[in-house]
Amino acid sequence: MFLEFLLSQQIITELQYNKVLAEVDTQFEGDLTRALLAVGISEDAVTAAKASFYKLPYQKITSRAVPYEILKYIPEDAARHYKFVPIAFTDGVLSVGVTEPENMESMNALQFISVKLNVPFKVFLISTADFLAVTDNYKALSQEVDKAVGELNTELAQELTLSTKKTTP
């Protein structure tokens, strides 16, 4: 269906269409995006076309970090499993970037999170590269927390050592 849409919009040629159709399952394990990249279609072009096909707004995420205040709305394991990430929170609405809007399990999980948090959401289509860039922010955040905990433990150990020396005659 999406592949036919790409052909009808002249985003891919008939030759590319046939090649993707022939190889998507055997060479790319059903990953249509990877198959399209292999025939020379850019990821941004695929994502923009997918946004048009699904009638979703396309959001290009710059390399700026999504702050912790935003990341905290969706746990990292859920983000990685369902392939969606929080990208902004404006006027009481959580903006969520998705890579697979056709995945009903992911959309149901997003609805569940929204109800649990009592926060409405708006879905944007994002590229896989942008999704990976945002999920890297979770790693950076986790490293920051680990570093802070390590520094706190060092300080506590030093204070304990000083305290022990003062009480020992």
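Where is the place of Ala 35?

Analyst: Ala 35 sits in helix α3. Before the details, some ground rules. This is a predicted model, in which local features need pLDDT of at least 70, side-chain atom pairs count only at pLDDT 80 or more, and totals for chains, interfaces and linings use all residues. Residues are numbered from 1 along each chain as its sequence is written, and side-chain values use heavy atoms, with hydrogens and water left out.

Start with Ala 35 itself. It is buried, at a relative accessible area of 2% (buried means under 20%, exposed over 50%, partly exposed in between, with a 1.4 Å probe and protein chains only). Ala 35 touches Val 20, Val 24 and Phe 28, leaving out residues up to four places away in sequence (contact means heavy atoms within 4.5 Å). Its C-alpha atom is 7.2 Å from that of Glu 23, which is 12 residues away along the chain.

Now the overall fold. The protein has eight helices and three strands (DSSP runs, H or I of at least four residues for helices and E of at least two for strands, numbered from the N terminus). Along the sequence the order is α-α-α-α-α-α-β-β-α-β-α. Of its 169 residues, 34% count as buried. Contacts between residues at least 6 apart in sequence join residues at least 24 apart in 60% of cases.

The largest pocket has a volume of about 410 Å³. Its lining comprises 20 residues, and those closest to its centre are Asp 31, Thr 33, Lys 50, Glu 100 and Thr 128. Two elements give two or more residues each to this lining: α3 (32-38) and α4 (43-54). The largest share, five residues, comes from α4. By class, the lining has seven nonpolar, six polar and seven charged residues. The terms are as follows. A pocket is an open set of points on a 1 Å grid over the protein atoms alone where a 1.4 Å probe fits, with protein on both sides within 12 Å along at least five of seven lines; lining residues have an atom within 4 Å of a point. Points are joined across faces, edges and corners, and the volume is the space filled by probe spheres set on them. Ala, Val, Leu, Ile, Met, Phe, Trp, Tyr, Cys and Pro are nonpolar, Asp, Glu, Lys and Arg are charged, and the others, Gly among them, are polar.

Next, α4. Its 12 residues should span 16 Å at 1.5 Å a residue, and its end C-alpha atoms are 16 Å apart, which agrees (expected span is 1.5 Å times one less than the number of residues). Its buried residues are Glu 43, Val 46, Thr 47, Ala 49, Lys 50 and Ala 51.

Just after α4, Lys 55 takes a positive phi of about 55 degrees. Lys 55 belongs to the loop between α4 and α5. It is exposed, at 72% relative accessible area. Lys 60 lies in the loop between α4 and α5 as well, but is partly exposed at 43%. Beyond its neighbours within four places in sequence, Lys 60 contacts Asp 44, Ser 127 and Asp 130. The C-alpha atoms of Lys 60 and Phe 124 are 9.3 Å apart, across 64 residues of chain.

Finally, the cores. In soluble globular proteins, nonpolar side chains tend to be buried together. The largest nonpolar core has 27 residues, of which Ile 74, Phe 84, Val 85, Val 96 and Val 98 touch the most other members (a core is a set of buried Ala, Val, Leu, Ile, Met, Phe, Trp, Tyr and Cys residues joined through side-chain atoms within 4.5 Å). Elements supplying at least two residues each include α6 (76-82), β1 (84-90) and β2 (93-98). The most, four residues, come from α7. Apart from this core lies another, of 15 residues, including Phe 2, Val 24, Leu 36 and Val 39. Val 24 links back to the opening question, as a contact of Ala 35.
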